[in-house]
Amino acid sequence: MIISLFGINHKTAPIEIREKFYLNGLQQELLLTELKLQPKVSEAFVLSTCNRTEVYLHSFAPLQTEDIVKMIVNVKSLVYQQSLMAFFYTYYNQDAVEHLLRVSCGLDSLVIGEKQIQGQVKEALALAQEKNFFMQPFNLLANIAIKAGKRARHETDIDCGGSSISWAAITKAREVLGYLREKKALIIVAGEMSKLAVGQIARKGFKELFLMNRTHEHAIALADSYKGRAVPFCDIKEILAQVDFCICSSSAPHFILDFETVKKIIPLRVNQQLLVIDISMPRNIDPKVAQLKSVDLFSIDDLDSVVEKNMIKRQKDVAKVKDIIQHKLDDFYSKIDGLSMDNHVFAKESLRL
């Protein structure tokens, strides 16, 4: 039996490629259904976040990376191109298990020690379990991956200070604009990351905070919690004309701020620069907005300089987390050493294909 990992992430692909392979909840379910039809596959789960899309398999024989990429392309209704293969990585057996533990512990995130990834891993595992796509080996793997993430955060300072993409976005806003207490902000919200962004800016302070959500009631609830003002999407031009910066963390499958919309509000701003930070996946702000002289546009991939400064504080704990990962890796294989499935021995060593 073989454990395989096929993935694409922020280290191997720019955001314009990653967003093509981002899988929402329904698309993850569709891919799991496709994988269930593969006679070689006995267990699987899919992890898709703003920084990665990864497919973990437990199979009777190795699958080809190209086959997995074609499945994702099919689910996404994309056109397969051989050039896409250059962005994908493949790990087997112990290397694949170790990678999952690194992801769960936050060592493989854009922001080292990121807290949100642990919840995202839990959701990915829970979806596959719900679809009855787990047996004993992956149930053991799921349990150990979650425990490793918890230990890393409870026993080390790997997530000290800011530890999320939303934190990096607010830090970037402070770098560009300076003191935020005299600034007006618009946050376009959806999901957990956007709530974190609202909380981050609320703690930094602001002159006025506007919140937009496709479900206006959700914006109202956040506004009540953080002393902001919920505004409908139909007012977006009026709001953009007066704010100093906008952070977009939505979940729309298309641009909600296009080039022409932003271009039209520029004359209303009286030569005032607009900072826009898009931390959505896929991106919800048209990249062409960056062509406007009065607009500074940043995406997730532009936040690496912010992250690098903060990582210096955490480097001393990376070694501690690696020790936890090694302990959990050994723990996983000690628990499955006695397992056999259909008379196949569970592999540990990496394949050399």
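This is a predicted model: local features need pLDDT of at least 70, side-chain atom pairs count only at pLDDT 80 or more; totals for chains, interfaces and linings use all residues.
Strand S2 and strand S3 (residues 52-59) run antiparallel and are joined by seven bridges.

Residues are numbered from 1 along each chain as its sequence is written, and side-chain values use heavy atoms, leaving out hydrogens and water.

Zooming out, S2 and S3 sit in an open sheet of four strands, ordered S2-S3-S1-S4 with antiparallel pairing; two strands count as paired if DSSP finds at least two bridges between them. At the edges, pairing on one side only, are S2 (41-48) and S4 (89-92). On average, neighbouring strands are turned by 15° against each other, direction ignored.

Helix H4 (residues 94-105) lies across S1 (2-9), S2, S3 and S4, at about 140° to S3. Such angles run from 0 to 180 degrees between N-to-C directions, with axes fitted to C-alpha atoms, for helices over the stretch in contact, and contact means heavy atoms within 4.5 Å.

Now the whole chain:

| Feature | Value |
|---|---|
| Helices and strands | 13 helices, 12 strands |
| C-alpha box along the principal axes | roughly 75 × 45 × 35 Å |
| Buried residues (under 20% relative accessible area, 1.4 Å probe, protein chains only) | 55% of the 353 residues |

Finally, residues 24 or more positions apart make up 74% of the chain's contacts with a separation of 6 or more.

Note on methods. Helices (H or I, at least four residues) and strands (E, at least two) are DSSP runs, numbered from the N terminus. Buried means under 20% relative accessible area, exposed over 50%, partly exposed in between (1.4 Å probe, protein chains only).
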